[in-house]
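Student: I have a structure open and would like to talk it through. Could we begin with how its helices cross?

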There are 2 protein chains.
Amino acid sequence: MFSGFHQYISQVVSFTDKEKEQLESAFSFRQVPKKFKLAEEGKVARELFFIVRGLVRLYYTKDGQEITGFIFRENLFAAGYDSFLRQASGIQTLETMEDCDLLVISYQQMQDLYATMPRMQELGRKIAEQRFINAQMILSSFVLDTPEERYRRFEAQHGDLLLRVPHHMIASFLGMTPVSMSRIRKRLAK
Amino acid sequence: MFSGFHQYISQVVSFTDKEKEQLESAFSFRQVPKKFKLAEEGKVARELFFIVRGLVRLYYTKDGQEITGFIFRENLFAAGYDSFLRQASGIQTLETMEDCDLLVISYQQMQDLYATMPRMQELGRKIAEQRFINAQMILSSFVLDTPEERYRRFEAQHGDLLLRVPHHMIASFLGMTPVSMSRIRKRLAK
DNA sequence: TTCATTTCTTTACAATTGTTAACGCACGAC
DNA sequence: GTCGTGCGTTAACAATTGTAAAGAAATGAA
């Protein structure tokens, strides 16, 4: 249950067994069905999730439409980060796209870990740095690449998601309409 | 010289006077002219900068063209973060847009601070979290907003930069051509 | 100052994308 | 099984953006 979790953590910080134990005990296991909301627009996100199994989508709502902001895969921490980190209401919704197995920690429990476990600050720092670099890479694709190049990049890196996820969710993540993405797919198929 | 620096830091973490002193001594003051490269594509970024005065631009090179990825203002930490954090060669160039007064710290000195000053991890974590949230906000503007809305948002938040920075640099930052931005400006002027 | 360069705008045309609607298809609910 | 819903593609047209080129204004260097 925690194997992928520890594997991910150990790539970032080397904890002692005691620290690992303390970390584990702060998380709880939770299974949620498909289309379950883990965080909601207008509310304060109070929990952070590590995805053991399944897929989670972060989206924004504009004109009644859902625009995908990010897709979280297995062995990643997911949250409505903006709301979670500021503990203020946000505009992001976090929703499962498949039945999910999750490890859950509350904001308060996380602060307790930061307060009582010095190395936790380091873990938090490095994960935040990773997330920032990742966000910056995606952002650079919007200023550097055409929509077609952006689709190709996505296909190369996350091609499997094209089979697991409705295309219109990927299209909005790539900053285009489903119609436009369909045209790009047709162009590239030749 | 350090007043804006300490003011910024104190918004994030409350250090003791001794800690502030240790932090200060790790930075050195440096003045650089306009168009000076602080980090370069293909090289490893070895320094992090706090901007006391001036403007710094981060850009990518594509087909011989410079595409702006970010504009750093006074009282912000600036770096080719991708390269700096991974200590590997990156694709970002960091260049001053005005004569700048900077506080500089090397990667090694920063690691020393992390090792010898426990609260430093917390500072690093919170700054990384801020940068991540900021990057995510800009990213959301690319999937949620039209180019025109994106320009209006930029004007509202950083309108002063329209007078300090060549427009074509802002245009590429907003993911459009100078021609298109000029058309948007004309539309909005009415 | 003078000259060269950069910057910003404008124009005309090509290419791409957005919008709306229609169609076939797969899937789940009942 | 049948029905309804959601999904992906295609089409046609409108709107927007990109491209290339030209010119005026501002800027910087000699």
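Tutor: A definition comes first: a crossing is left-handed if the near helix is turned anticlockwise from the far one by less than a right angle, and right-handed if clockwise. Please keep in mind that this is a predicted model.

Student: Is the crossing of α5(A) and α5(B) left-handed or right-handed?

Tutor: The crossing of these two helices, α5(A) and α5(B), is left-handed.

Student: At what angle do they pack?

Tutor: Helix α5 of chain A and helix α5 of chain B, each covering residues 118-144, pack at about 25°, and their axes are 8 Å apart. Angles under 35 degrees count as roughly parallel, so α5(A) is roughly parallel to α5(B).

Student: What classes of residue make that contact?

Tutor: The contact of α5(A) with α5(B) has 14 nonpolar, 6 polar and 8 charged residues.

Student: And how many residues of each chain are in contact with the other chain?

Tutor: In chain A there are 28, in contact with 28 residues of chain B. On the side of chain A that touches chain B, α5(A) supplies the largest share, 18 residues. Other elements that give at least two residues there include β4 (56-62) and β5 (65-72) of chain A.

Student: New topic: which residues are closest to DNA strand C?

Tutor: Of the 16 residues that surround DNA strand C, the closest are A:P147, A:S180, B:P166, B:H167 and B:S182.

Student: Which element gives the most to that surface?

Tutor: That is α9(B), with 5 residues. By class, the surface near DNA strand C has 6 nonpolar, 6 polar and 4 charged residues.

Notes. Residues are numbered from 1 along each chain as its sequence is written. Chains are lettered from A and ligands numbered from 1 in the order in which they are written. This is a predicted model: local features need pLDDT of at least 70, side-chain atom pairs count only at pLDDT 80 or more; totals for chains, interfaces and linings use all residues. A residue is near a molecule or strand if its C-beta atom, placed from the backbone, lies within 6 Å of it. Helices (H or I, at least four residues) and strands (E, at least two) are DSSP runs, numbered from the N terminus. Ala, Val, Leu, Ile, Met, Phe, Trp, Tyr, Cys and Pro count as nonpolar, Asp, Glu, Lys and Arg as charged, and the others, Gly among them, as polar. Axes are lines fitted to C-alpha atoms, for helices over the stretch in contact, and angles run from 0 to 180 degrees between N-to-C directions. Angles under 35 degrees count as roughly parallel, over 145 as roughly antiparallel, 65 to 115 as roughly perpendicular and the rest as oblique. Two residues are in contact if their C-beta atoms, placed from the backbone, lie within 7 Å.
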